[in-house]
Amino acid sequence: MEEKDIKKEELDFVYDDDLMPVFEKLGIKEDFINGKLVCYYCNKKVTNENLSAFFLEDGQIRLVCNEKDCSEKLGKREQNL
Amino acid sequence: MTISEFISSYVFPVVQWGGWGLFGALLWYVFKHGEKVDKWISRFNGFLMWLGINREKKYVAGDIRWRINSASKKINKEAEGIVTKGVDIVWVDQENVESFLRSGKVMIRMRHHSNQDRNISTAVMHYVKTGVLHTGKIYLPDKIKEALNLSLTKKILSEESDKGTSLEYFCSNELDPLLKNDKEIEKQFSTIELMEYKGLLTRILLREIRALGKKIYPKRPNDEILKETQSFFNFLEPFANHRGGDNDIKEWQFLDKNIQIGILYVAKQTKLDCEGLNPYVKQIDKKIKSGCKKIYVFGRRGNNVVAIKELLRLIEDQITNIKINREYYSEIRGEKVPAICATISIKD
């Protein structure tokens with residue numbers, strides 16, 4: 001018997017205009033603006049231009065840039081959650 | 001009947017109840033086609049974006065939502081339950097970000113509406129990775145999983161892209177560079193595209209991946225399972241590459257620990273004319289006896305579609321769980337022809 005009641009998937013996004021208030025709340029706004037934060041996967045500087053996602057791990061906010069390899073690694077992380 | 005009698009008997013009730021009827025019909029339409037209503041609301045918000053950021057967010061979210069929901073609906077018509085019944089989009093801001101992060105979620109950045117093709121492409125990729133067949137895909141080898149994600153993203157974007165601009169963005173910025181850099185993913189992707197073209201992707205591969213997930217999730221994927229799914233993928237490959245004739249497909253059934261299926265093509269007019277349906281009944285019986293838990297029966301062109309329906313009527317007394325999936329159209333040498341896929345499930 002096929003399932004007929006598969007729930008909707010919830011997608012959680014942060015809108016561009018909310019990004020700075022969100023980073024302020026998380027206490028990383030100044031470091032982000034001053035270019036002190038790096039990508040969790042490739043260690044390159046993350047800026048407003050190349051930021052694609054972020055998550056919490058071991059109490060730290062981890063930023064991810066939009067490089068292909070980093071997006072792939074993020075995808076794998078999400079699939080394994 | 002006088003004019004006044006006609007008016008009081010027919011016109012008054014229609015006028016009196018017609019409004020409610022129209023309202024009821026409207027409600028029914030909204031209930032059945034929520035994604036279309038979403039599309040128009042999103043477009044309306046698009047016109048009113050100058051009113052401020054909230055309107056712009058509504059437009060971006062609505063535009064993504066109706067595209068995914070509409071495509072999901074179409075895919076689920078091909079094979080029910082393959083994808084979720086669409087998506088809900090939640091905006092994370094300074095008020096709720098901490099609770100979302102604590103629950104382990106990844107926050108994806110959405111850009112201004114001027115980058116909407118990029119937003120749609122990002123959202124669909126994210127949705128496919130996390131929300132489509134999540135419990136089954138973990139048992140696939142990495143390269144097949146990657147190729148399948150790309151193919152599903154392309155399928156969703158192809159289903160609902162007005163001018164094809166988000167699909168174009170995805171192909172030139174995500175898909176093509178990835179396929180160019182990874183020959184193994186490119187090979188698997190090409191096979192999956194052929195499966196899609198032949199109607200095997202949603203009707204067999206995704207269905208079986210889903211069934212596998214339902215059967216063994218949350219067991220950790222081990223070498224044995226990954227080997228089985230790789231073999232299953234290899235088993236389907238000749239069907240994807242099949243160009244007619246008898247000799248290119250050697251194995252018509254796949255029997256392993258978790259997946260046990262058989263495939264049957266009803267395709268030979270001469271066989272049907274000379275021997276009728278008897279050989280097909282025997283083949284189904286043989287597959288059941290050899291351990292197939294599911295048999296997929298395919299046919300293309302009107303006469304074969306009719307033959308399959310007749311075949312199922314013949315065996316329905318012996319096998320209770322037969323499902324004829326929604327009929328579709330397939331292409332044979334550029335000609336669009338009706339096609340059918342029936343699933344026979346055998347209970348233990």
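Predicted model: local features only at pLDDT ≥ 70, side-chain atom pairs only at ≥ 80, totals over all residues.
In what order do the five strands of the open sheet run?

1. The order is β3(A)-β2(A)-β2(B)-β1(A)-β1(B). The sheet is open, and its pairing is mixed.

2. **Edges and twist.** Two strands sit at the edges: β3 (60-65) of chain A and β1 (87-91) of chain B. Each of them pairs on one side only. From one strand to the next, the twist averages 35°.

3. **A parallel pair across the chains.** Strands of a sheet pair through backbone hydrogen bonds, either parallel or antiparallel. β1(A) and strand β2 (residues 107-110) of chain B run parallel. Three bridges join them. To find the spot, look for F13(A), which stands opposite I108(B) in β2(B).

4. **An antiparallel pair within chain A.** β2(A) and β3(A) pair in the antiparallel sense. Six bridges link these two strands. Here E57(A) stands opposite Q60(A) in β3(A).

5. **The contact between chains.** Chain A puts 34 residues into the contact, and chain B puts in 38. On the chain A side, β1 (9-15), α1 (19-26), β2 (51-57) and α3 (68-80) each supply at least two residues. β1(A) gives the most, with seven residues. What kinds of residue make up the side of chain A that touches chain B? They divide into 16 nonpolar, three polar and 15 charged.

6. **A helix over the sheet.** α5(B) lies across β1 of chain A together with β1 and β2 of chain B. The helix runs at about 140° to β1(A).

7. **Two helices of chain B.** Helix α5 (residues 116-131) of chain B also meets helix α7 (residues 142-159) of chain B. Their axes come within 9 Å and cross at roughly 130°. The crossing is right-handed.

8. **Who touches whom.** α5(B) brings V124(B), M125(B), V128(B) and K129(B) to the contact with α7(B). From α7(B) come N149(B), L152(B), T153(B), I156(B) and L157(B). How do the residues of this contact between α5(B) and α7(B) divide? Six are nonpolar, two are polar and one is charged.

Notes:
Residues numbered from 1 in each chain as written. Chains lettered and ligands numbered in written order. Axes fitted to C-alpha atoms, helices over the stretch in contact; angles between N-to-C directions. Helix = DSSP H or I, 4+ residues; strand = E, 2+ residues; numbered from the N terminus. Left-handed = near helix turned anticlockwise from the far one by under 90°. Contact = placed C-beta atoms within 7 Å. Nonpolar A, V, L, I, M, F, W, Y, C, P; charged D, E, K, R; others polar. Pairing = 2+ DSSP bridges.
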